Amino acid sequence: VDPTLDLVAEIQRLRKEKNAVILAHYYQAGEIQDIADFVGDSLDLSRKAAETDAEMIVFCGVRFMAEVAKILSPQKKVVLPDMAAGCSLEDSCPPDEFEKFVKAHPDHMVLSYINCSAAVKAHTDIIVTSSNAEHIVSSIPQDQKIIFAPDRHLGGFLSRKLGRDMLLWQGTCIVHEMFSEKELIKLKAKHPDAPVAAHPECPDNIVQHADHVGSTSSILKFATEHPADTIIVATEPGIIHQMEKAAPNKTFIGAPGADGNCSCNTCPFMALNTMEKLYLCLRDEGPEIELDEHTRVEAEKPLRKMLDLSA
Ligand code: 13P
Ligand code: SF4
């Protein structure tokens, strides 16, 4: 790309010309969040994708999120800046192995976290996100056995909080596993009045130190509304961009990894998307999400159940 090109102006021009909507997750670079039509957590973004009347959805997030947009809006063209933007939770749950696991437990209802492939969704009864998981699990009769995949930390958190045994797939998010309890304790000692907000993808030894545990949008709300002037944020630090915009007089500190700072907790998959790739993706209308129709139809059922249950 010509380095003199005004990427912001080009993106603005192309999005109008092509009737495209730009959706971005809170973990995207600040400049991408700023140019997006809508920024949100994975539940908000799936709702937006289902409702939009734009002809093309440009999804600035990771691939499973763009797949959700395509599953819910199959008539639209769905593109994402970098097709290599995967997710370690998705990688930890290969569809063939998951299918065997599900078949081996026919008396279990299958709940999957939205962070998984379309093929895994196709073998799922209800999808959940961290925004609605507690509500959805609570709505299932107590004697119903449950498989929860692929995030064992979110599954473990729900099990403990709701006092409910679930058969957990052993996947994890490499980003949320990087936080160091030892460094977090040191940081808390330095800022004794700062509350900690954590994502439930964090291991239990981090969640135990949190004053609030929830999805990215709930962390944003907690951090900006809490009366304290300093907040410790145990999730991907991209979200701090929105916090600083909403509450410019407060200080938001990303929870540290073992090296004592939070830069190691940047999601390497989310970081693959750049302004330049966003421009190219709008211009070239690709890379495009394409799904086999049978998988799409099967994956849509548990996603629609999720949307109905979280309405
Ligand atoms: P949210 O649904 O809270 O936005 O989380 C998505 C995600 O990938 C967290 O790592
Ligand atoms: Fe996946 Fe973790 Fe990145 Fe979220 S932060 S997209 S769960 S690897």
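Some ground rules. Residues are numbered from 1 along each chain as its sequence is written, and chains are lettered from A and ligands numbered from 1 in the order in which they are written. Because the model is predicted, local features need pLDDT of at least 70 and side-chain atom pairs count only at pLDDT 80 or more, while totals for chains, interfaces and linings use all residues.

Start with the whole protein. There are 15 helices and 12 strands. Helices here are DSSP runs of H or I with at least four residues, strands are runs of E with at least two, and both are numbered from the N terminus. The radius of gyration, taken over C-alpha atoms, is 19 Å. The globule rule, 2.2 Å times the number of residues to the power 0.38, also gives 19 Å for 311 residues, so the protein is as compact as a globular protein of that length. Along its principal axes, the C-alpha trace spans about 55 × 50 × 30 Å.

How much of the protein is buried? The share is 49% of the 311 residues. Buried means that 20 or more other C-beta atoms lie within 10 Å of the residue's own; exposed means 12 or fewer, and partly exposed is in between, with C-beta atoms placed from the backbone. Now contacts: two residues are in contact if their C-beta atoms, placed from the backbone, lie within 7 Å. Take contacts between residues at least 6 apart in sequence: 64% of them join residues at least 24 apart.

On to the ligands. A residue belongs to a shell if its C-beta atom, placed from the backbone, lies within 6 Å of the molecule. Which residues surround ligand 1? They are Asp41, Ser42, Asn115, Thr129, Ser130, Cys173, His199, Glu201, Ser215 and Thr216. By class, one is nonpolar, seven are polar and two are charged. For the classes, Ala, Val, Leu, Ile, Met, Phe, Trp, Tyr, Cys and Pro count as nonpolar, Asp, Glu, Lys and Arg as charged, and the others, Gly among them, as polar. Domain 2 (89-173 + 298-309) and domain 3 (176-265) each give at least three residues to this shell. Those bounds come from an automatic or database domain assignment.

Ligand 2 has 13 residues around it. The closest are Cys87, Ser88, Cys173, Val175 and Cys267. This shell has nine nonpolar residues, two polar and two charged. Note that Cys173 is in the ligand 1 shell and among the closest to ligand 2.

What does the record say? An unreviewed UniProt entry lists Cys87, Cys173 and Cys267 under "binding site". These three span 181 residues in sequence, yet no two of their C-alpha atoms are more than 9.3 Å apart, so they gather at one spot. One caution: UniProt positions follow the numbering used here, feature names are shortened, and annotations may be inferred rather than shown by experiment.

Let's look at two of those cysteines. Cys173 sits in the loop between strand 8 (167-168) and helix 10 (181-190). Why does Cys173 count as buried? Because 24 other C-beta atoms lie within 10 Å. Setting aside neighbours within four places in sequence, Cys173 touches Ser88, Leu89, Asp151 and Glu201 by the contact rule. Cys267 is in the loop between strand 12 (251-254) and helix 14 (275-284). Cys267 is buried too, with 23 C-beta neighbours inside 10 Å. Beyond neighbours within four places in sequence, Cys267 is in contact with Tyr27, Val175 and Glu236.

Now the backbone. Most residues other than glycine have a negative phi, and most peptide bonds are trans. Here are some exceptions. A cis bond joins Ala149 and Pro150, with omega about -15 degrees. Pro150 lies in the loop between strand 7 (145-149) and helix 9 (152-162). Another cis bond runs from Gly286 to Pro287, with omega near 0 degrees. Pro287 is in the loop between helix 14 and helix 15 (293-309).

Glu285 is in the loop between helix 14 and helix 15. Its phi is positive, about 55 degrees, though Glu285 is not a glycine. Glu285 is partly exposed, with 14 other C-beta atoms within 10 Å. Asn19 also has a positive phi, about 50 degrees. Asn19 lies between helix 1 (7-17) and strand 1 (20-25), in the loop. Asn19 counts as exposed, with 10 C-beta neighbours inside 10 Å.
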